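Biologist: I am new to this structure. Please show me how to read a few of its features, one at a time.

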Amino acid sequence: MVRVPLDPEFVEYRSALCITLVNTSRTTFFTKSPELVNHGLSHKFPHGVDLIYKKQPLIRGRGVSYCKNLLSPRFEHSEAHEDESDENLNKTYYVFLPPELCFVHPLPGSLVRGAQRLPSIMRRVESMLLAVQLRDSINYPIAGSKILEALTAASCQETFCYERAELLGDAYLKWIVSRFLFLKYPQKHEGQLTRMRQQMVSNMVLYQCALNRGLQSFIQADRFAPSRWSAPGVLPVFDEDTKDTESTLFEPESNSSDPHKVALDNNGYEDDDMEDGEVEVESDSSCYRVLSSKTLADVVESLIGVYYVEGGKNAAHHLMSWIEIEVEFDPEEVDAVKKPCSVPDSVLKSVNFDALESSLNIKFHDKSLLLEAITHASRPSAGVSCYQRLEFVGDAVLDHLITRHLFFMYTDLPPGRLTDLRAAAVNNENFARVVVKHKLHLHLRHGSSALEAQIRDFLRDVKDELLKPGFNSFGVGDCKAPKVLGDIFESIAGAIFLDSGRDTSVVWKVFQPLMHPMVTPETLPMHPVRELQERCQQQAEGLEYKATRSGNLATVEVYIDGVQIGIAQNPQKKMAQKLAARNALVVLKEKQEIEEKEKGENGKKKNGNPAFTRQTLNDICLRRQWPMPQYRCVDEGGPAHAKKFTYSVRVNTTDKGWTDDCIGEPMPSVKKAKDSAAILLLELLNKLYPNP
């Protein structure tokens, strides 16, 4: 051991070096320009070490032993704070060391800090090399970074993942396979086509295709752990006594649990047995990681989406051919087997084509296609088929076109939010309301009195919905639409696709105005069941549904902390649950408004502003597409019978980054403490954004 003299010049000498504390239970390294502090040590030092100089000044140091995962989103903007002065850093990062127990380590502090970046850099280099290797195997030139995005699961917790591309690839794959089957098998009905499509694009089929091409070797599905990283070609060394949070750059790496168990934890399967279709992949460290069949299937769809975005249809079809999904057909062969029109003139004259085409704003070349698109199975006619085959291909083309529109329109939208948009736009409820809005249902040819009654009741319910101020259903309305209305919307899309010479751009040109206004992130309604669940989670309240059935009527009750808040009845259990959740939300919001009004009247607000709550803050974040606010307990003190909680809150805005931490006042409950912090953050947002 080398003892450090107490010369003040030492402070200037070692400003860029590492200081090592020895003679303790574990060697620890510190850097960041420590300074001498005039504190005396008259007591015995821990770990049974006696100090020679009891009144020596202390060296303030900051530990550098913790190696961070710089690929995580929380370090995306951290470089801006790297040069901040010591005074601006949190003092909890510092320790005070007696100089006589320290020596100067031969490694400079700048080198240690640079070495901390090495594991993250090498991880990204290795991932990119794998992506480039896969690209070369596929033999189609697109950016390697896009391939890497298609191979990275959300469980990696990086700044990108395959979920957005998977959403687009799923819709495109469904569309291409549906078109292929529809044109190749003109004699098969809709049920047969659906089963054949399922046999081509199911998760298990895509999973097997991925295995055949060895995609499991390229997928990034585990979160990077720098503490378990080892240089390429070097076997990792594990120290059973060292945990991940205590590992250093200079100490042996640790793995206190079984290597198989660690691999399972990293992929999120620690509590589940292997499902059918899961595959074990051997890693470089002689461990195994588990990939589910759905992960491999999702990667196939994400690759299709990435190739479609980067290289268009030709690139996507090249990828599908490489993955052994054959969907190519000869257009001349398809046209050769096309049936000639044989619809009697009397049937054609029974349809008001002029009014229907005027509503669609398009003229059909083949009227029989439009006739087939509006003919229900209950209305058989000579030479006229029902709309089911056209509905099969129309459903797929609308799903693809709407998903593509949302994908390219909202490029910065998170995958979950994009999925919600797609679900709100592509569903039978939304399609049915568009049909009613443009009076397309008046042209439906059917022969069922029960169906006529269902349509009549739906029209009445929709009329009542429209009377509600600010109501915007987008598939979460209070009344359920007859399936036939959404079906003819899709079958008309299929008819336009065929009549236009299989041109999807014509279909979109017709249907985009019909669906206006299309759902946006600002107008996207949250499902009442989900909204109530998130509200109760934020408020730390217990939520419970109790369902009973009497005859054809289902009753659902909503209980919050054991108190009944809402109740609803409906023949369908899901609809009853949705209505009960909506009723509960109305009651809770009314109660909240009353409480806020009472607070305002009692003058409990210092600045006279209305009593904002966390729900108000959450609504702003949803409207502006920000992540949910982050709350942190700053202080918890006081006796057990009179505890006080102090919370801070901040939010990551899209244009200005993280806001400052807003620390509320000490409150007797966690809820009130969070509300106090939320009020301050809302005031800050009001200054940053005039209309938040």
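Modeller: This is a predicted model. Start with burial: a residue counts as buried when its relative accessible area is under 20%. Of the 692 residues in the protein chain, 45% are buried.

Biologist: How many helices and strands does the protein chain have?

Modeller: The protein chain contains 22 helices and 16 strands.

Biologist: And what is the accessible surface of the protein chain?

Modeller: About 36,000 Å², and carbon and sulfur atoms account for 51% of that surface.

Biologist: Take one residue. Is isoleucine 59 buried or exposed?

Modeller: Isoleucine 59 has a relative accessible area of 2%, so it is buried, the limit being under 20%. Isoleucine 59 sits in strand β4, which covers residues 58-63.

Biologist: How far apart are the C-alpha atoms of isoleucine 59 and proline 98?

Modeller: Their C-alpha atoms are 6.3 Å apart, although 39 residues separate the two along the chain. For the chain as a whole, consider contacts between residues at least 6 apart in sequence: 64% of these join residues at least 24 apart.

Biologist: Now the surface. Which residues form a nonpolar patch there?

Modeller: Ile121, Val125 and Leu129 form one, and together they have about 270 Å² of accessible area. Valine 125 belongs to helix α2, residues 109-138.

Biologist: Why does valine 125 count as partly exposed?

Modeller: Partly exposed is the class between buried, under 20%, and exposed, over 50%. Valine 125 has 40% relative accessibility, so it is placed in that class. A patch residue needs over 30% relative accessible area, and the 40% of valine 125 meets that cut-off.

Notes. Residues numbered from 1 in each chain as written. Predicted model: local features only at pLDDT ≥ 70, side-chain atom pairs only at ≥ 80, totals over all residues. Heavy atoms only, no water. Patch = residues over 30% accessible without salt bridge, like charges linked within 9 Å, V, L, I, M, F, W, Y side chains within 5 Å. Areas by Shrake-Rupley, 256 points an atom, 1.4 Å probe, with all protein chains shown as cover. Salt bridge = Lys/Arg side-chain N within 4 Å of Asp/Glu carboxyl O. Helix = DSSP H or I, 4+ residues; strand = E, 2+ residues; numbered from the N terminus. Buried < 20%, exposed > 50% of the residue type's maximum accessible area, 1.4 Å probe, protein only. Contact = heavy atoms within 4.5 Å.
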